[in-house]
Amino acid sequence: MRLKLALTALLAACALDAAEGSALQWTELPVPTAHSPAQGAFVVEVGGRLVIAGGRLDEGGPALRDAWVLDAPDAGWRETTPLPEPASFGAAVTDGESAFFVGGSSPSNEAGRESAFRVSLKGEELSYDPLPDLPARASDSDAAMLDGVLYVVSATSVDTPASQPASMWMLDLNAEDPEWLAAPAPPANVCEFPVLAAQDGALFLFGGTPLAQQDGPQGQQHAYRYTAGSGWTPIADLPSPALPTAALPVGPTHIALRTAAGSGTSILAYHSVTDTWVDLGILPARLSGESAATWGESLVFTGRDLGVEQSGNRIQSARIQPPSTGFSIIDYVTLIAYFGVLVMMGLYFARQGSGTEDFFLAGRRMPWWATGLSIFGTQLSSISFMAVPAKVYSTDWVYFLLQMTIIMVAFPVVFFYLPHFRRAKMTSAYEYLEKRFNLPVRMYASVSFVLYQLGRMAIVLFLPAIALSTVTGIGVYTCIVLMGVLATLYTVMGGIKAVIWTDVVQVFVLYGGALLSLVILLFKTDGGLAAIVSEGIEYDKFHMFNWTWDWTTTAVWVVIVGNFFLNLVPYTSDQAVVQRYFTTKDEKAAAKSIWTNAALLLPSTLTLFLLGTGMWAFYRSNPELLNPTLPTDSIFPLFIAQQLPVGIAGLLIAAVFAASMSTLDSSLNSVSAALVTDFYVRFRPSASDSRRLFLARLLTAGLGVLATATSIALATFDIGSLWDTFQGMMGLLGGGLAGLFALGIFFRSANGAGAMTGAVASVFILYWVQQHTDLHFFLYGAVGIMSCVLVALATSPFYRPSRA
């Protein structure tokens with residue numbers, strides 16, 4: 001009874017008991033001219049600009065060719081290259097840089113056009129590149145882009161009987177010689193005025209009006225989702241009939257569209273994850289012949305105002321105002337206090353170490369349980385802490401087996417790798433490779449590790465900063481600088497001891513916060529755990545096993561085999577993890593730390609997976625609390641900020657910050673250890689320990705500044721694709737790196753030259769596999785490790801053996 005009262009009191013203190021949902025903030029945009037088209041224009045975003053083209057001045061008037069471009073909301077319209085031919089009431093869709101105009105009607109083809117064009121900006125003018133003609137005339141059509149394929153759905157003829165469904169075609173824009181093909185036919189009751197959208201890796205079809213209907217284009221309320229594996233399946237019906245206008249993707253998982261609302265027009269949003277609808281608001285003006293588009297973060301609607309006689313065109317823009325997160329001043333105070341504690345820990349441990357062995361290995365005196373918690377905390381980065389519940393929230397439990405493979409990896413690490421690592425006193429894991437093979441192999445491995453970590457450090461700051469900024473209101477740059485500076489500060493001062501003990505604190509706060517979040521979630525969800533389980537079973541949210549031999553999907557064997565090899569990489573060859581094995585007093589204590597990490601995985605995985613499914617059930621019941629513009633990976637921070645008690649929310653958000661810092665501090669200390677040990681000490685063994693320590697701290701500080709600056713650059717400049725390329729290239733090195741350690745431990749016949757050949761070959765083999773096969777990325781680790789081992793064993797006999 002007391003526990004129930006305590007939980008009730010705790011829930012009463014929650015930051016947001018009744019939150020307002022998302023709303024639309026409307027503004028009026030200028031019109032191109034007093035005589036710009038008021039009905040049926042192509043409206044779309046092209047290269048960040050808003051484009052209006054074609055359309056008609058009034059109902060029954062001729063189609064136009066005119067086109068205009070708006071560079072910014074506060075700029076003026078400028079006339080640009082007209083359409084190749086007059087057109088109106090066609091479909092327009094964008095992929096960001098280009099747009100596609102499809103079908104519609106023209107003076108010579110009132111029943112529909114077959115024409116299709118790719119529209120792009122060449123300098124300041126629009127350019128129209130013809131695409132293959134549609135198989136039939138497309139009137140009252142709609143279009144969507146999905147994975148480089150253009151889909152068009154249309155009632156092919158005004159003479160089509162009401163019982164005949166709309167037609168659908170697809171054009172693969174990546175093909176060398178693209179041609180229109182028949183796409184999976186829409187359901188039979190979707191006829192004229194279908195509304196099509198692509199979102200969250202699927203196609204969505206809304207409404208559609210039987211052609212025999214005589215009382216105007218009041219759409220049906222049916223809705224469907226199409227995926228390659230399942231075909232067309234029904235989803236939640238619209239609350240009110242769909243109207244014939246474009247459906248607009250919003251954020252990563254919402255779709256906004258116009259529906260009938262009495263004498264007015266309502267804007268609804270469909271959420272593809274929870275299969276729910278939410279009302280965003282009413283369109284201020286009653287528009288006829290309306291066109292709609294997304295422009296940046298805004299929704300744009302244009303048409304003739306029915307509420308004003310002799311009205312011309314009107315353009316209205318709406319931005320979605322997300323619901324309040326409830327993050328309070330007390331939460332900010334908690335956040336600052338938590339950061340203060342971390343800095344004080346760094347200062348405290350700075351006074352306890354006097355040499356490089358303390359800085360890198362904590363004097364080899366760390367308790368095994370603390371080291372185990374640190375390994376667990378290092379691998380449980382903020383990206384994982386947010387991404388695991390988010391993945392389960394948006395999909396199912398297939399990835400549960402992924403986490404379990406880490407327990408499997410503990411066995412070979414403890415019984416085969418650890419004895420070799422602890423046989424000689426080492427600071428860097430790559431010292432073993434020189435002892436077993438030769439110096440070039442050690443240098444290659446150490447450089448590979450350093451390059452990979454340089455790319456990773458910026459990412460573990462940048463990605464969480466985006467999510468945390470959205471739910472806390474703290475700027476992205478402030479988040480990056482806070483995490484980067486604080487992690488660098490306490491790591492420079494306290495070395496690995498500060499890193500491990502801060503990891504211990506962060507694990508308790510993170511896991512404790514996750515358990516508290518789960519408890520609050522159960523109490524806030526109608527029906528509690530039983531309702532979550534029941535609804536989850538109904539919607540197949542607990543699906544875990546894909547029984548197939550297909551290597552392109554998450555088959556059971558792909559998940560288990562692939563992730564066993566993927567997890568061998570960090571636990572056997574990553575200095576950030578292996579360095580922890582060296583901080584305990586002996587091999588037995590190191591083994592206990594590895595088992596501690598493995599033991600924590602099952603309860604923590606169950607907690608995070610239940611949180612994911614629970615949040616799906618909670619937001620399915622409360623879709624108005626979702627922020628449509630928020631990335632899916634931010635769903636857990638959003639729940640924390642919205643639903644946890646004041647102060648507790650701040651502590652857990654601080655812990656999410658700290659999880660990023662935990663990964664960063666481990667990278668900083670381990671990269672510094674690799675550079676000092678594998679390069680400076682290796683080639684200047686006579687250097688004094690004080691000089692080594694000075695260099696270690698200097699490198700740590702420099703690496704922290706570099707990681708922070710790179711993360712800020714990612715947030716400022718459009719270099720995401722360049723950085724993704726760098727990350728991808730560095731990811732090619734991991735399998736070969738783990739393969740080198742497997743060679744050294746399990747295959748005595750392998751020599752240094754053969755090992756180097758295998759490591760380099762594995763990079764090229766894995767790159768070829770990535771570029772030319774559909775192999776699931778879970779198996780990339782197996783390809784990298786096995787190709788390194790097999791090539792090394794095949795080539796070693798051709799080289800003179802190195803000293804063992």
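**Figure 1. The hairpin of β2 and β3 in the predicted model.** Strands β2 and β3 form a hairpin with two residues between them. In the turn, Gly 47 has a positive phi of about 55°. Strand β2 spans residues 42-46 and runs antiparallel to β3, to which five bridges join it. Within this pairing, Val 44 stands opposite Val 51 of β3, and Glu 45 stands opposite Leu 50 of β3. The model shown here and in the following views is predicted.

**Figure 2. Strand β3 and its pairing with β4.** Strand β3 covers residues 49-53, and four of its five residues are buried, so that the strand is mostly covered, where buried denotes under 20% relative accessible area. On the β4 side, four bridges join β3 to residues 67-70, and the two strands run antiparallel. Trp 68 in β4 is the bridge partner of Ile 52.

**Figure 3. The open sheet β2-β3-β4-β5.** Four strands make up this open sheet in the order β2-β3-β4-β5, with antiparallel pairing. Because β2 and β5 (78-79) stand at the edges, each with a single partner strand, one side of each is left without a neighbour in the sheet. In general, strands of a sheet pair through backbone hydrogen bonds, either parallel or antiparallel. In a regular strand, the side chains alternate between the two faces of the sheet.

**Figure 4. A nonpolar surface patch with residues from helix α6.** Phe 411, Phe 415, Phe 416, Phe 746 and Phe 747 make a nonpolar surface patch of about 500 Å². Helix α6, residues 400-423, gives the most to the patch, with three residues. Phe 415 has its place in helix α6. This residue, Phe 415, counts as exposed because its relative accessibility is 53%, against a cut-off of over 50%.

**Figure 5. The largest nonpolar core and the surroundings of Leu 740.** The largest nonpolar core has 164 residues, and those with the most contacts inside it are Leu 433, Tyr 581, Tyr 619 and Leu 740. Helix α9 (residues 476-524) gives the most to this core, with 19 residues. Apart from this core lies another, of 17 residues, including Ala 53, Ala 67, Ala 99 and Tyr 128. When neighbours within four places in sequence are left aside, Leu 740 is in contact with Leu 433, Phe 437, Val 441, Tyr 444, Ala 445, Ala 755, Ala 759 and Cys 788.

**Figure 6. Trp 501 in helix α9.** Trp 501 is found in helix α9. Not counting residues up to four places away in sequence, Trp 501 touches Met 345, Phe 349, Met 366, Pro 367, Trp 369 and Ala 370. The C-alpha atoms of Trp 501 and Leu 373 are separated by 9.0 Å, although these residues are 128 residues apart along the chain.

**Figure 7. The protein as a whole, as context for the close-up views.** The protein holds 19 helices and 24 strands. Of its 804 residues, 59% count as buried. The protein exposes about 31,300 Å², and carbon and sulfur atoms supply 61% of that area. Among the contacts with a separation of 6 or more, 68% are accounted for by residues 24 or more positions apart.

Definitions and conventions: Residues are numbered from 1 along each chain as its sequence is written. This is a predicted model: local features need pLDDT of at least 70, side-chain atom pairs count only at pLDDT 80 or more; totals for chains, interfaces and linings use all residues. Side-chain values use heavy atoms; hydrogens and water are left out. Buried means under 20% relative accessible area, exposed over 50%, partly exposed in between (1.4 Å probe, protein chains only). Two strands pair if DSSP finds at least two bridges between them. Patches are made of residues with over 30% relative accessible area and no salt bridge: like charges are joined within 9 Å, nonpolar side chains (Val, Leu, Ile, Met, Phe, Trp, Tyr) within 5 Å. Accessible areas come from the Shrake-Rupley method with a 1.4 Å probe; for residues, only the protein chains shown count as cover. A salt bridge is a side-chain nitrogen of Lys or Arg within 4 Å of a carboxyl oxygen of Asp or Glu. Contact means heavy atoms within 4.5 Å. A nonpolar core is a set of buried Ala, Val, Leu, Ile, Met, Phe, Trp, Tyr and Cys residues joined through side-chain atoms within 4.5 Å.
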